[in-house]
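Colleague: I have this model open and want to know what backs up the labels. Can we go through them one at a time?

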Amino acid sequence: MAHGSRVTRFFMALGALAATLVAAMLLHAQTVDEFGSAMLKGAGSTFAHPLLSAWARDYRVFRNGGAGVWPPGAGLNDEIGGAALDYEAVGSQAGIQRVKARAVDFAVSEMPLPAADLRRNGLLQVPLVAGAVAIAVNIEGIGASALRLSPGLLADIFLGRITTWDDSSIVRLNPALKLPAARIAVVHRADGSGTTYTFTAFLTQSSPDWKKQVGSDLLVNWPVGEGYEGSSGVARALQRTSNSIGYLDAVQALAAKLKLASVQNASGRFTAPSGTSLESALASATWDPAMQFNASLINMAGAGSYPIVAAVFGLASDRSDRRAPMARAFLKWSVTSGRATAEKLGYAALPPAVVRQVETALREPH
């Protein structure tokens, strides 16, 4: 009798364990659906990589109702529940190609696409934030913002016409600096990059010779210099190369402790990337929702404006399929709830009026 009771209790316990396992499997399946197959996937800009990395963390907290970790016993403290968003900083060109092919849910780029291209590929485009393309140098004895460079000088350096730091054209703008009689080592991006597009668009506006010989694009044929993959590759090259000059986003340049030059703006003043100089440039921007917000922030008006500013654009499907609304919801979250993080990192958030326009553009398609 006692033996029978033990057997009964054993099978009852076994049944309870089986029920628990079934419940766990159902919860696991639900989790996979929510954060596995349904995890948002994005790709593109390395310029915005620091921001997208921070947003990925913040968005996970948002999706979790404001908690930084999943509640104990929820079954979500495993790898599957580790993120609600995955972003690959593969460069703007690759990101645009992937979102067009529907290999990712959204892309991020500094090069706005024409409205006709967006319609042809079933995409919408909205600005998310703005950031500065910094001109960084590694010259012994030259401090932050000390070196002054005009647009014409930058064009001539990257065209290979000015080859040494003690060239009379540079010395004339920087009489107080002790510039070395050293060859200028030019560093640029090797991959298709929105940062390259912004920088070369600035040079194209500033120099007829640059416009004729090189032009502006995500990927150009550089007359001189060494190319490196990604903003991080450019930063590392500048750190280890004496007497070098290159361009990359200001956030990563400052994180790498690079010295940034002051660049002459449309008003003739020399400005360096800062929150104030970014906001000044952004204040003069004109956004047209009818043209999918296709706008340039280069050489904007304002005495205090930094002249090489890029809008960071989000690209997503404008269709009603299952994943498209998720991507649009993330982009809407970015321009609203992501503002504080963007500003803390050194990007400029969109003005409230533009945010309202973006929210309208991100509504469900009719």
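Modeller: Start with angles. They run from 0 to 180 degrees between N-to-C directions, and the axes are lines fitted to C-alpha atoms. Keep in mind that this is a predicted model.

Colleague: What makes α12 and α14 roughly antiparallel?

Modeller: The axes of helix α12 (residues 324–336) and helix α14 (residues 352–361) cross at roughly 170 degrees. Angles over 145 count as roughly antiparallel. The two helices are therefore roughly antiparallel to each other. Their axes come within 10 Å.

Colleague: Which residues make the contact between α12 and α14?

Modeller: From α12, Lys332, Val335 and Thr336. From α14, Val355, Val358 and Glu359. By class, that contact has three nonpolar, one polar and two charged residues.

Colleague: Why is Ala116 called partly exposed?

Modeller: Its relative accessibility is 38%. Buried means under 20% and exposed means over 50%. The value for Ala116 falls in between, so Ala116 counts as partly exposed. Ala116 lies in helix α4 (residues 115–121). In sequence, Ala116 and Met291 are 175 residues apart, yet their C-alpha atoms are 9.1 Å apart in space.

Colleague: What makes strand β13 largely enclosed?

Modeller: Count its residues. In β13 (residues 308–317), 10 of the 10 are buried, so the strand is largely enclosed by the rest of the structure.

Colleague: How do you know that β4 and β13 pair?

Modeller: Two strands pair if there are at least two bridges between them. Nine bridges join strand β4 (residues 123–138) to β13, and the two run antiparallel.

Colleague: How many bridges do β3 and β13 have?

Modeller: Four, in the antiparallel sense, with β3 spanning residues 106–109. Val108 has Gly314 of β13 as its bridge partner.

Colleague: And how many bridges link β12 and β13?

Modeller: Strand β12 (residues 297–298) pairs with β13 over two bridges, again antiparallel. Ile298 is partnered by Ile308 in β13.

Colleague: What makes β5 and β11 edge strands?

Modeller: Take the sheet order, β5-β10-β11. This sheet is open, has three strands and shows mixed pairing. β5 (148–149) and β11 (270–271) each have a single partner strand, so one side of each is left without a neighbour in the sheet. Two bridges join β5 to β10 (residues 262–264), and these strands run parallel. Leu149 has Val263 as its bridge partner in β10.

Colleague: Which residues of β2 are on the covered face and which on the uncovered one?

Modeller: In β2 (residues 85–88), Leu85 and Tyr87 make up the covered face. Asp86 and Glu88 make up the uncovered one. Strand β1 (residues 40–44) pairs with β2 in the parallel sense over four bridges. There, Ala43 stands opposite Glu88.

Colleague: Now the whole chain. How many helices and strands are there?

Modeller: The protein has 14 helices and 14 strands. Of its 366 residues, 48% are buried. The protein exposes about 16500 Å², with carbon and sulfur atoms supplying 55% of that area.

Colleague: What share of contacts joins residues 24 or more positions apart?

Modeller: 74% of the contacts with a separation of 6 or more.

How values were computed
Residues numbered from 1 in each chain as written. Predicted model: local features only at pLDDT ≥ 70, side-chain atom pairs only at ≥ 80, totals over all residues. Heavy atoms only, no water. Buried < 20%, exposed > 50% of the residue type's maximum accessible area, 1.4 Å probe, protein only. Contact = heavy atoms within 4.5 Å. Areas by Shrake-Rupley, 256 points an atom, 1.4 Å probe, with all protein chains shown as cover. Parallel < 35°, antiparallel > 145°, perpendicular 65-115°, else oblique. Nonpolar A, V, L, I, M, F, W, Y, C, P; charged D, E, K, R; others polar.
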